[in-house]
Structure formats: C-alpha cells, structure tokens
Amino acid sequence: MLKTISLTVNGKAYSGEVEPRTLLAHFLRDSLRLTGTHLGCVVGRCGACTILWNGTPVKSCMVFAVQAAGDEIVTVEGLAQDQRLHPLQEAFWKNDAVECGYCTPGMLMSAYGLLSKGKKPTEEQIKKAISGNLCRCTGYSNIVAAIKEAAVNFTK
Amino acid sequence: MASWRLGASRFLFLVGGGRSKNLRSLRNTKNTKLNITMDFPIHPPIGERVRRKETLRFVTGTGRFVDDLLPPGTLHVSFVRSSCAHARIKAIDVEAARAMPGVCAVFTGKDIAQHVKPLRVGGSSVLRPVKLYPLAVDKVRYFGEPLAVVVADNRYLAEDAVDMVAVDYEPLPVVVDPETAMEPGAPAVHEDAGSNIVYKYHFATDGIDKVFQDAEVVIKERIRSHRITACPIEPRAYLAHYNKEEDSLTMWSATANPHSLKGRIADILSFPEGKIRVIAPDVGGSFGVKIQTYQEELLLPYLSRELGRPIKWCETRVEHMRNGRHGRDQIHYIEIALKKDGTMLGIKDKIIADMGSTYTVDHSIMAAALYMTGVYQIQNYAVDAFGISTNKTTHGSLRDIGKADASYVLERLVDIVARELKLDPIDIRLKNFIPAEAFPYRNPTGALYDSGQYHLAMKRTAEMAGYDRLRKEQADLRKRGIYRGIGVALVMEPTSSSRIHATGGYASCRLRIDPSGAATVFSSMGEQGQGHETTLAQIVASQTGIPFDRITVIHGDTLPTPYGFGTGSSRSSVVLMPSAWVAGKLMRDKILGIAARQLGVVPEKLEIGDGKVFAKEDQEQSIAVMEIVRTAYGAIHLLPENMEPGLEVTGYFVNPNIDYTPDDKGRMNTFSSYPYAAVIAVVDVDVETGMIKIVKYTTVHDCGNMINPQIVDTQQQGSIMQGIGAALYEELRYDDEGQLLSSTFMDYRLPSVEEVPELALEHIITPNPFTPLGAKGAGETGMLGLPPALCNAVEDALSPLGVKVRETPLTPDRVLDLIEKAQAKSAHA
C-alpha cells in the first residue's frame, strides 16, 4: 500500500510514493537519491544518518518517511550555498576532522543543529550535540575543534 | 576537558646522520641481502600539514560509497542466516519465500555449490586448509553463517522473504572455548581437518630450558586478550554487475583489497580474470576488517551472472557484528626468566588463538609468536602457538592483528614482574630496552627492527606526564581514599607484513603527466580514509614540481591501476609511498633529460622549480616545464636519443629487508618497519561503581619521517580512541551455545566523544633506513598502547586491595567483580 507524500528538502519541494514502513533515510537516499545521508546501524546508535527535521537534528533511520510529510528537511547536501562551503564544512576541512568521510554528514548535521540555535556553544555543549554520532577514524578531537572554530564564524 | 598538545607545543627529536651507520652495521647482521643506499633528498610538500584533497567531497555529501550506487534494474539481496552455532542442515524450505511479492530468486548453499569452486583458505602455518563456499552447504559452523539468499526488487521485500524460509537443523554439540576445543574428543568444527587444532607454529632458541633452570626468578602468567571487532561506520557493501553483451563483470566492493578480490572471484566462478573489474569507490573505514574476502562478496558476482541484473547487498550492523571478521582472543601461558635485579633473560610462551569457524589466515598467530620479546633485549625465546577452530565467527584481520595480543600480554607481564620484584615499571623497562645503537636489531625469531629510540621515548613520556610528581600525588590521594593508578607501556608495531602470495612486499604507482601538464597517479592500493589522494600527490609534487593542486590520485579500481595488495599492516607509508617516490624520480629524470638536451646542460646541474627547469648555476638558463611536456608529446624529434615519447612511468618499490623463507634455525623477518609508542596512562577507579576515569593519557610516538604530520596525528588520535574502546568497553561475548550476545551498538559500545580523555601526543623521528622516505607505518600504535597501559594503571590503582587484572575489557561490572574476588581472597587468607 503506497502513500504519496510531499515534503521540502534543502528548500526544494519533493513528492514521492512510499510504503508506510519506508524509513526517511531510505526515502532520502533511494527515492530522492540524496545519498549524502549515510546509514551505519539503522537502529539510531551511530548517527551517520542525522538530518535536520523541522530544524532539529534527528536520526533519519528512526523516522518513517510518512511522518515527515509536509515537513522541512535539511541534509548535508543543503549546507553549501551558492557553491560556497558552509563555515562548518570549511572548518571540518581545515581541522582535518574527516578521514573516511562516512560519519561526516551526520556529524555536520548534528553540529549544524547546535549552531543554528544562534548561540556560541561551550565545549560541553558541542560534545553533547555530537555524542550520538560515532566516528571510528578521527578520535573526535579535531571534530570538536572544527565545530568550535565554525561557531566563531557562523551566521545563520 | 579534552585537549591535544599538538602544533606549537610539539616536541621533535630530529635524528640525522644515523642512516649510513645503520646500513653498515646491518650488513654485518645475519640473513641480510642488502646492498642499497637510501639517502635520497626529501623536499616539500613532503612533510607538510597539507589539507586533504579527499575531504572536500566528504563534507559536501558527494562522496560515493557502494550503497550510493544504484544502476537501473538493480536487485537486492538478503541472507538467511543460521540460528544455530553448530548444526547439520537437514532441509531448507524456500517455497514460501519464492512466492512472496517482489521475490526474484532464492538460492541455498547446495544450489550454489554445484556451480562454483570453493575458495581454499589457510596460511603458511596451517595444518589443513579448508574449503570456503559462498553459502553453508551441509552444515553451519557459527551463529549467523549465511545458508541461503533471497533476491528481490528491494531490500524490504528481500528481508520479508528471508523470514519465510524454514530451515530444519540437526543440532550438533557446540564448542566455543578454544582450550576445550583442543582436547581430544571435542566436537569437530571441520570433520575433514582431523582436529580443531588447525594451525601450529613452534620456535625455540638453543638452550632455552637451561636459561629457565638457571634463572634466579621465573614468573608465569596466563593472560587473555578478549574478542573484539573493528566496526568501521560503513558496514560491508557489494554491488555486482554482469554485462551479458560483453561477458564481463564489474564488482563494486567496500574492500581494502580490490586486486586480490578480482583473482578470487575469477577462481570461484572460473571466469577470466581479465574480464573482471573490481572498483572500491569511497570506503568508509576498514581497520583490517574489509581486507579479507567474504562469503557474501563471492556470491554476488555469481548471482549477477545467473540473473543478468545488477545485484546489491549492504550489510546491516547486526550482520556485521556476527559475520565481519573478529580479532584478538588469544590465551597466552607466558613465562619469563630474570635476574633478581630485573634483567630479563628469556621468555617462553604457549599461545592458544581462537580462530573461529572458517579460519582464513594465520597472521594473528604469526604476528604474535614472532614478537613476544617485544622491545626488550631478550635473545632466549621459545613459543608453541596453536590456532584453534571453534563455533564462532571467523577470526581475521583487525587493526594491530596479533601484534596487539603480543604487546598487551608482554607489557602486562613486565608490569607484573616489576610489582613482584618491587621495581619501578619505568626502571625495569629502561633496564631492558633494546638500545638505540643496537638497531637494526634482530630479535630471536629473526625479525629485523629497523630503528628506534625506546629509552628516549620512555623518558620523554615520563617527563611530559610528570611521572615523579604523579607518584607523589598518588600516595597523597590514596590516603584520601582515591584509587589513582599510573600505567606504563612501550608498544611496538611490526608494519608492512610481507608473506608469500598474501601481501607481496611491494607496491607500485603509475604516474602520467598529460599534455595539459596535469599529473595523475594510479595507485596499486585503495584507501579507506588514510588520505592517499593527498600524500601520494605530496610526494609526486615534491619530485616533479607539478603543483599539488594539479595532481589527481586514482585508486581502488583494478582497471587503470597497477596490481597491488591490500591496504593493511600500515604498509602504505612503508611501501606504497616509496613507490610513488620512485615513480616521481623516474619522471623527474625524464623531465631533466629532456631539458638537458634543450638547454645544453647536464641533468645533474639542473633543478626544477616554479614551473621551470633551470641551471643551478645560472637560473636564467631555463625552460618551462610545459615546454617539456609539449616536447614529450608533440615534438619528439627534440627528445634525447633513445628516449620514449610521452610522460608516463611506473614506479615499483620492494621492501628490501624482508625474508621470504626462514634460515636453517627457522628465523625470518616478515615485516618491514617497526614504529612504536611509549605511553603513560593515569586513571581513577571508583571502587563503589567500578567506573574508570582516564585522568590523562600521555604518549610519545615514533613512525619515522611523516609525509603529512596532520594525517598522522589524526590517525593516531582515532587509533587511541579505538584502543580505549578495546580496553574498557568493547567485547564480543558468546554464550555456551555459541550465540553472540553483543551484536548491536547497544551492547557493543564504541567510544563516543564523551569518552575522549585529556591527551598529550608528541613524536620522535627516527627515520626508517629501509625506505627512501624514512617513514615507518603509522596509525596503529595508538590502539596498541591502551589495553596494557590502562590495565597496568587499574592494577596499580587497586594494588592496595590486591586486585589482579587478567581479564578484559575493564567494564564497571568486571572491575567490581575483580575487587570482590580480591577482597574474598584476602578475607580467606
């Protein structure tokens, strides 16, 4: 039984047919072909699939696509504007906060959700914001440094 | 608060002038066939913290991983997996599954076995190799083993149909404990192997028993390293596409070993290897786990050929925990002979390695057995190592394979000895370390350590950590009931292993400067986060003067790249990077040769810089590199005599210090470089909750020259965090029935950002004399240090309670259990 849903992703309107059980992560990846959102565990533990759902970071493997009908989604593809990297992306690059790159989109989106609140976060707040995002390569320190640096330059 | 002492506070010991001496003394050491000079100049951007080329696509979400690929007409598979750890398959009923909507086909192991050849797996110390089929045929040997496969229109429908497959099992006795499995009469995991002892290795130096008889002190211990796995955040993923018109096969695989995989697919399908192309696109981490060939990986090409459609499988995390290769899990019965003053005289070890069911490689056994004397001047050594088959998931490569077990057991033992002899753990190490002037050093098994300054590294670590002050603080804190511990270790990592037919001992890069003046490097090794696109470009830029931004690195695709072995054993910097250096040198020679003819100056008097080749003595005498490029492609009458047109070269590098066969006493060197790290861990143990807090972790690391110090630092940080997981949180636990109890991230806990301790990291640079870049392997020593240092620290913290740490990981419940046991013992006493 397919349902038609419409939603906004990265400022663009999309609609598509999904089964009620289709995960939002799979809808974004397989139907909309926005493959920047990654899947690492599909039980909400690794955070690679983190996106912004109506402004809040959520793990898109824990949401059915139908739940997001009519809503606003931002994925990693929506960070750079007019061919210019977002300060977070610049800071991740500069601080070597990336190795294999698989957890990176989720990390960026969790950090983006934090910085979107508009206040300069403390180190503890940064850590809390990405505590649900696992990275096996970098050991996190460069990621924390990158988010700190981006927080200084960030304007929403 | 987490902080890394990096950048400006870095402390470097630059050691120069030692190489020629090292090479001279090397010629006098046994078993060495070397007569080479490695004194090559190294110029920027080698050694610079250049930011990584590959990062741009990862931060924009435009990386391309296997699961991101979806060719039209792709079918998806899901596997029926064994719910028993050991059982005969009586029957599999697939009819209901076949009738499910969207299901295209269902195959069982029997269906497949008729059409493929099994993969023969083993290793040099194997007693009897076994045959590995893509799906279990007559019986299953571990929980989660694939025994049937469903092919359907999408992954949801495939999983639905898997649930409809009914398997009738005849349960067999399960054996999960390797020591039980060794006993005569234990249930046979492989009946045709004759015994569950599937690997055996013995080595002994002359007179070892006499050393132990005469020793003033002998200390014996049983120490076990526990079973863990790598857990890259990208699970395994494969996509096979058979093209009927061309009768060719393309396989996209999240593999760290594309060229070897190509050969294996050709073997099992009896398909011409030249018609197979394996592409490892972006791969989301490996840490060893993706270097080996898996059952599912061999099956997909068969299914695609059979069904004429692209076939894709992306592993779930639960499948990864159950079926991805496992690591560690060795029991060591180790003895050390000493003088009363702590001088180490000899080591005897018996290793029992749990290889799981379908044992595939023996690297873990060999890498442990050859290095149990570690960083100490011990020339008396004996080992009996046994690889045991059990009803667990297959054991295989995992960051620090075998070496982690060796360094953990040895560094634990040294600490236990220090406590017994009432010596300071740093003093006993300093007393016994191999001195810097003894390198290159042969250990008793013939392993040839390239270089090292262990004393300096240990002393500097102690200085950074404020060791003497820490001991005073510890005494004060104890009075206040705070259990603070200080753990010391110096861990060494044999890197760039070379075994016959397994890992090669060489690598290559093809280098092309195209008519536009841009360069492309075709690397024989893939990457899974190591940053080769950056470091290879740094090397080529350094040699040829082509700007870094105009160099592209192609890797992981078997069609354009030269043959090579997988990315493992930290071999990139030891063998791949030097091959790019050689390719760059060949290209440089060609450029200078062309310039020499045109300028009328001999090549030796020419230099490359700022897009020109110029005479060193008169910079006005110059020619643009672009002019040379145009000559090479379009004006070949201006080339020197006998020079080939075009600008394309292939550089090979062979590790010069490898022995492929043992000498008459069984000695050989199978690894090419030996990085190491000294560490001091400070912990507080909460005796009420069993929680361990890492107060500070200090380490001094030596991987020789660093091609890109930023990349080394980041890898080292990640490696340290993986070590924290291994020591404190992660464990693959099986129950007596062989069911895996920790198969999700809920019960197999990876460290998060919350667990990052305060860290201080510095480097010593002792160049490796056996590569032109002076680099050793990097990225693995971090993980090595944590298990011994943290266990030593916890035992130190709880020494007033008499706690002995012999089991890991040190989860809160285990720590409480250890305290309880120690208290019960002292009450009993």
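**Briefing: a helix pair and a chain contact**

Helix H12 (residues 403–421) of chain B and helix H20 (residues 781–797) of chain B pack with their axes 9 Å apart, at an angle of about 25 degrees. H12(B) is therefore roughly parallel to H20(B), a label for angles under 35 degrees. This is a predicted model: local features need pLDDT of at least 70, side-chain atom pairs count only at pLDDT 80 or more, and totals for chains, interfaces and linings use all residues. Residues are numbered from 1 along each chain as its sequence is written, while chains are lettered from A and ligands numbered from 1 in the order in which they are written.

**The helix pair**
- Helices are DSSP runs (H or I, at least four residues), numbered from the N terminus.
- Axes are lines fitted to C-alpha atoms over the stretch in contact, and angles run from 0 to 180 degrees between N-to-C directions.
- Residues from H12(B) in the contact include Lys403(B), Tyr408(B) and Asp415(B); those from H20(B) include Met783(B), Pro787(B) and Glu795(B).
- Two residues are in contact if their C-beta atoms, placed from the backbone, lie within 7 Å.

**Chain A against chain B**
- The contact takes 43 residues from chain A and 46 residues from chain B.
- H2(A) gives the most to the side of chain A that touches chain B, with four residues.

**Confidence**
- pLDDT is the predictor's confidence in each residue, from 0 to 100.
- Chain B has a mean pLDDT of 92, and 94% of its residues reach 70 or more.
- Over residues 1–38 of chain B, pLDDT stays under 50.
- The model scores ipTM 0.98 and pTM 0.95.

Definitions and conventions
Helices (H or I, at least four residues) and strands (E, at least two) are DSSP runs, numbered from the N terminus. Angles under 35 degrees count as roughly parallel, over 145 as roughly antiparallel, 65 to 115 as roughly perpendicular and the rest as oblique.
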